[in-house]
Amino acid sequence: MNRFLQLEELLEDHAVYLTKDWDGLLYDEPDGTGLAVVAEPETAVRVVSKLRVEDQLWFEVRLPGEDACGEVDEGVSEATGWVPANSANGRPVVWYWSRGC
């Protein structure tokens, strides 16, 4: 039987990355404050935690993360911060590699 997974559950058990809809900003707080540009879209990340602020879901992510093959991008600076689950156009900012390597 198929089971519906909420986005938070789906990203817990997969290698995840920041999509092309990510604006390149990593926030100190899950409300859009204290930002810094730290990486390019399609960078592998690890989801550390999640939080809802009002009606918006945010993910705390750690860079660099492991890609679908378990490789870590040594060219990405280490950083931890918050990204919204969805971009201004409503598309996912954090997603997973569904097909693996």
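Predicted model: local features only at pLDDT ≥ 70, side-chain atom pairs only at ≥ 80, totals over all residues.
Residues are numbered from 1 along each chain as its sequence is written, and side-chain values use heavy atoms, with hydrogens and water left out.

Let us begin with the rings. Rings of Phe, Tyr and Trp (its six-membered ring) pair if their centres lie within 6.5 Å; planes under 30 degrees apart are stacked, over 60 edge-to-face, and the rest tilted. Two aromatic pairs are found by this rule. One of them joins tyrosine 27 and tryptophan 58 edge-to-face, with 5.7 Å centre to centre and 85 degrees between the planes. Because tyrosine 27 sits in strand 2 (residues 25–29) and tryptophan 58 in strand 5 (residues 56–63), this pair ties together parts that are 31 residues apart in sequence. Strands here are DSSP runs (E, at least two residues), numbered from the N terminus. Tyrosine 27 and tryptophan 58 are both buried, where buried means under 20% relative accessible area, exposed over 50%, and partly exposed in between (1.4 Å probe, protein chains only).

Now turn to tryptophan 95 and tyrosine 96. Their ring centres are 5.1 Å apart and their planes stand at 40 degrees, so this pair is tilted. Tryptophan 95 is partly exposed at 31% relative accessible area, while tyrosine 96 is buried at 16%.

Glutamate 74 is exposed, with a relative accessible area of 70%. Its C-alpha atom is separated by 7.6 Å from that of proline 64, 10 residues apart along the chain.

Conventions:
Helix = DSSP H or I, 4+ residues; strand = E, 2+ residues; numbered from the N terminus.
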